[in-house]
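This report describes selected features of one protein model. It takes up a strand pairing, then salt bridges, cavities and some details of the backbone.

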Amino acid sequence: MKKISAIILPMMLAAFMLIGSPAIISKADGTSYPVTDGEELRLLSYNIAQGVSAPGTITLQNDITVTKNIWLASDVTLDLNGHTLTGNTNGSILFTDATYGENKGGFEKYKNITIKNGNIKKADSVATGMVIIGHATNVVVDHVNFSGAVDCHMLELGACKKATITNCTFKDGKYSTAEDKGAYEALSLDIASEGNFSVKPFDDTACEDVAVSACIFEGVPRAFGAHRIQAGHFFNNISVKGCTFKNILGTAIETIGWTNSIVDGNTLDGVGFGVDCRPSDKQVGGNPGSYDANITISNNTITLKTSKGKTPCGIRISGILNSKTLLGGYKVTDNKVLGPHAYAVYAGYVKNSTISGTTTEGASINGIRVEYCDGVTVSGNTISKTKGTKSPHGIALISNNNDLVKENTITNPGAVGIFIQGSQNGQIIGNTIKKAKTYGITVCKNAVVSLIAENTIVKPKKNGIDVQGKKSQILTTRGNKITKPGNRPYGGNGKYLAADEGILTLKKGKSSTISTYGQKGKTKYSTEDKSIATVDSKGKIVTKGKGTTTVTAKKGKYSAQVTITVK
């Protein structure tokens, strides 16, 4: 007994000397600690962090105000018990400090930390994160309402693994400006690096396995996410599901440096920017190189509002601009974008990704814009009423390789339905474009399109399909149905071959002659199935039997294919 006292007493005295005058520690029933005032909570949390008191559940018995930081330690649950913890600390309210105890990095310093059932409010005006948790595994924040942040994060996680943030509210902060910047994220994911995170050691560990669900973010400049990417250290398996974002001045969700993650089923109402995957040049550490992000953004409803920050956009997927590095594996599907926006979906420096099922109306530039990308599929999107003064095309493809644009519906675009500039080896198949203010499809500025096929273009004000510039090309046209164009079905001074009718339906035994325009020179004709229809050297088709086949007219490397159905 004497030996135990000899060990514990100096430790407690040392603790008291560091902290100040000792407060009475609440009597604990096992590892359950009811607390009634701020000083009691402060001293108890310090003693647990120092190993003087056993970890356990700390339960508030009433509203409490603290004037100094509260330490968080392993195997501790802070049960706010429906009460409010107010911080007037001129700093953080709750935090893990890795300078205490064994200074392990990675996720190994702390484990099993829970904060639940109440309110955390900042009362001072110092711009320091309210709750900071670092180098920890198994973190739970459940049914906590955060408020009162001053130019800072409300909850900041760095180097955390297996973290669950659920049914929390983040709102009513105070901010010096309306800027959309990383320091203002209400819920922030960070990398443990010097100058970016406050909990040592600085070993560049990012967060993994973080689930954010059923939370509400309201009235903050930026809501949730990560804004930094570090070579070799990515945020992995992050999920944001079923959350509500209201009146966000800037970006609602920022997925910088995320991999193998999902943003699904969220409602973003009155936000300046929806979901952003693009890092700024200043927030890229080292050379991450090209990699697959594998991020799914699905089933979200995004209503934008006018913003003084970034150009308003529903969803932006992106590689790394300063090094022109392409990132892959984005899947953007079944999202709805409303309100004043420049783009519903924007993709830049992206590879092997999909944009599908988007519904959008009223984009001021493009419904969907894809530029400097490789292997992006744009399919099954519904775009209407693009409008504005900056070439409001339905879909714009700029300087890409291997685009596949199929089965989209574009109605009343303010300029071109599908605009292709400088892109190579793309395919435009099975789209419906109605009432384009200029052209249905435009190919320009040295773009080379492999195939434009089976598109339905109704009442374009000018040409149905227009190829502009002598180096712009369509290698193959097939089965396009162009109805009531303002000028011609096809036009422009580029290189292509087109048939006057892309689809023909004939009765058995009847004939028709194909007329082509575009490339000059001798035309060679062929048929895919002579048992259905034959074609002679002048383009005359004679039907032989019931079925569907393709007749091809060819001049050099350019071809026009006509779909023939015999009944």
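Strand β50 and strand β54 (residues 540–543) run antiparallel and are joined by three bridges. Strands here are DSSP runs of E with at least two residues, helices are runs of H or I with at least four residues, and both are numbered from the N terminus. Two strands count as paired if DSSP finds at least two bridges between them. Across this pairing, Ser511 stands opposite Val542 in β54. The pairing belongs to an open sheet of three strands, in the order β50-β54-β53, with antiparallel pairing. From one strand to the next the twist averages 20°, where axes are lines fitted to C-alpha atoms, for helices over the stretch in contact, and angles run from 0 to 180 degrees between N-to-C directions.

The model is predicted: local features need pLDDT of at least 70 and side-chain atom pairs count only at pLDDT 80 or more, while totals for chains, interfaces and linings use all residues. Residues are numbered from 1 along each chain as its sequence is written, and side-chain values use heavy atoms, with hydrogens and water left out.

**Salt bridges**

A search of the whole structure finds 10 salt bridges. The term means a side-chain nitrogen of Lys or Arg within 4 Å of a carboxyl oxygen of Asp or Glu. The table lists some of them.

| Pair | N to O distance |
|---|---|
| Glu208 and Lys161 | 3.9 Å |
| Asp276 and Arg316 | 2.9 Å |
| Arg478 and Glu454 | 3.0 Å |

Glu208 counts as partly exposed because its relative accessibility is 23%. Lys161, at 26% relative accessibility, is also partly exposed. For these terms, buried means under 20% relative accessible area, exposed means over 50%, and partly exposed is in between (1.4 Å probe, protein chains only).

The salt bridge between Asp276 and Arg316 links distant parts of the chain, with Asp276 in strand β21 (residues 267–276) and Arg316 in strand β25 (residues 313–318), 40 residues apart. Both Asp276 and Arg316 are buried.

In the salt bridge of Arg478 with Glu454, Arg478 is in strand β45 (residues 473–478) and Glu454 is in the loop between β42 (448–453) and β43 (456–458), 24 residues apart. Glu454 is partly exposed, at 40% relative accessibility.

A network of salt bridges links Glu185, Arg222 and Glu254.

**Cavities**

How many cavities of 30 Å³ or more does a search of the whole structure find? There are four. A cavity is a set of points, on a 1 Å grid over the protein atoms alone, where a 1.4 Å probe fits but cannot get out; lining residues have an atom within 4 Å of a point. Grid points are joined across faces, edges and corners, and a volume is the space filled by probe spheres set on the points.

The largest cavity has a volume of about 60 Å³. Among the residues lining the largest cavity are Ser45, Ile48, Trp71 and Leu94. Helix α2 (38–50) and strands β4 (70–71) and β5 (76–79) are the elements that give two or more residues to this lining. Nine of the lining residues are nonpolar, one is polar and none is charged. In this division, Ala, Val, Leu, Ile, Met, Phe, Trp, Tyr, Cys and Pro count as nonpolar, Asp, Glu, Lys and Arg as charged, and the others, Gly among them, as polar.

The second largest cavity holds about 50 Å³ of space. Its lining includes Ile229, Trp258, Cys277, Tyr291 and Tyr330. The lining of the second largest cavity divides into nine nonpolar residues, three polar and no charged.

**Backbone details**

The peptide bond from Lys200 to Pro201 is cis, with omega near 0°. Pro201 sits in the loop between β12 (185–190) and β13.

Asn90, a residue other than glycine, has a positive phi near 55°. Asn90 is placed in the loop between β6 (84–87) and β7 (94–95), and it is exposed, with a relative accessible area of 56%.

Lys459 is not a glycine either, and its phi is positive at about 50°. Lys459 belongs to the loop between β43 and β44 (465–468). Its relative accessibility of 41% makes Lys459 partly exposed.

Conventions:
1 Å grid on protein atoms, 1.4 Å probe; cavity = no way out; pocket = protein on both sides within 12 Å on 5 of 7 lines; lining within 4 Å.
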